[in-house]
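Colleague: I would like to learn how to read a model like this one. Can we take it feature by feature?

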Amino acid sequence: MKRSFYLFRDTIIPAILNSYSVVFFFNSRLLAIVLLVVTFFNFIAGLSGLIAVLITVLIANKMGFDKTLLKQGIYSFNALLTGIGLGTFFEPGLVFFVILLLASLFSLILSVVLSGWLGKYGLPFLSLPFVVAVWLILLPAGQFVNLGLTQRNVFWINEMYAIGGKPLLDFFQTVDNLPLSKIVIVYLRSLSSILFQDNLVAGILIAIALLVSSRITFLLSVTGFISAWLFARFIGSDVVSFSFYNIGANYILVAVALGGFFIIPSRQSFLCAVLLVPLTSVI
């Protein structure tokens, strides 16, 4: 009993929390808790993400994978994104949760395989397992009669009302109607879109957590987004597409990865992020 307690406290809980914060390329308990809470703004998506992480962590621990990587969330953050993604698209039910279990296991296998394969060349596997796992479910999903697509995201007002009633709904609507400049609104929505959200409350919470946890990461997120925004204005692209297609998140994560994770933070790394983010928008 005592051994199980220590295992849960020292390995399982850190692995679950770090699965959230490692999405932004570092481990922070504050950021992890904020991201965990934000995912539950869409309750089914948040629950699916948490279940996927728990399944992956328990299986990885049982199979004896590297404890350090496990506790850092390296094996399970793709399962988190996979769970949130599937929970965003599909209605809950027995079929869905079986699919979620299989997708979580598949993302773990891909994470281990790609880690070994790409690691030989000094390359990270990043979110490739998430992309592959989700698309392999989405592509044939139309043939799964008992796996229904959800309309919760279309009627997000009903979702908020179901979670917290009229007070929570009024709060979200008040924040969404704040007189902020367009670039700030799109930046905050882009932050929220990293976790499949599309509201200012989520974006504000994530931004505050980033600022408190790592000023460098926060500054890089702003720098990357502004670089992409200005480049879009320069080439005549519609900057509204940043929020509509939820692609602003890619620019933010590229800037964070290149400016402060794979390269030691410096003026040169910031310049690298500023120059390479527009290239990302072209790709």
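Modeller: Leu271, Val274, Leu275, Leu276, Leu279, Val282 and Ile283 make a nonpolar surface patch of about 690 Å². Patches are made of residues with over 30% relative accessible area and no salt bridge; nonpolar side chains (Val, Leu, Ile, Met, Phe, Trp, Tyr) are joined within 5 Å, like charges within 9 Å. Accessible areas come from the Shrake-Rupley method with a 1.4 Å probe, and for residues only the protein chains shown count as cover.

Colleague: What kind of model is it, and how are residues numbered?

Modeller: It is a predicted model: local features need pLDDT of at least 70, side-chain atom pairs count only at pLDDT 80 or more, and totals for chains, interfaces and linings use all residues. Residues are numbered from 1 along each chain as its sequence is written, and side-chain values use heavy atoms, with hydrogens and water left out.

Colleague: Where does Leu271 lie?

Modeller: Helices (H or I, at least four residues) and strands (E, at least two) are DSSP runs, numbered from the N terminus. Leu271 lies in helix 14, residues 267–282. The chain has 14 helices and zero strands.

Colleague: Is Leu271 buried or partly exposed?

Modeller: Buried means under 20% relative accessible area, exposed over 50%, partly exposed in between (1.4 Å probe, protein chains only). Leu271 has 49%, so Leu271 is partly exposed. Of the 283 residues in the chain, 46% are buried. The accessible surface of the chain comes to about 14500 Å², and 70% of that belongs to carbon and sulfur atoms.

Colleague: Which residues of helix 7 are buried?

Modeller: In helix 7 (residues 128–138) they are Pro129, Phe130, Ala133, Val134 and Ile137. Seen down the helix axis, they fall within an arc of 115 degrees, so they line one face of helix 7. The arc is that of the directions from the helix axis to the C-beta atoms.

Colleague: What covers those buried residues of helix 7?

Modeller: The cover includes helix 5 (77–89) and helix 6 (94–119). Contact means heavy atoms within 4.5 Å. Among contacts in the chain between residues at least 6 apart in sequence, 68% join residues at least 24 apart.

Colleague: How is a pair of aromatic rings described?

Modeller: By the distance of the centres and the angle of the planes. Rings of Phe, Tyr and Trp (its six-membered ring) pair if their centres lie within 6.5 Å; planes under 30 degrees apart count as stacked, over 60 as edge-to-face and the rest as tilted. The whole structure has 10 aromatic pairs. Take Phe25 and Phe262: the centres are 6.2 Å apart and the planes at 70 degrees, so the pair is edge-to-face. Phe25 lies in the loop between helix 1 (2–21) and helix 2 (29–39), and Phe262 in the loop between helix 13 (248–260) and helix 14, so the pair ties together parts that are 237 residues apart in sequence. Phe25, at 19% relative accessibility, counts as buried. Phe262 is partly exposed at 40%.

Colleague: Why is the pair of Phe65 and Tyr75 tilted?

Modeller: The ring centres of Phe65 and Tyr75 are 5.4 Å apart and the planes stand at 45 degrees, so the pair is tilted.

Colleague: How many salt bridges does the structure hold?

Modeller: One. A salt bridge is a side-chain nitrogen of Lys or Arg within 4 Å of a carboxyl oxygen of Asp or Glu. Here Arg189 meets Asp198, at 3.2 Å from N to O. Arg189 is buried at 18%, while Asp198 is partly exposed at 42%.
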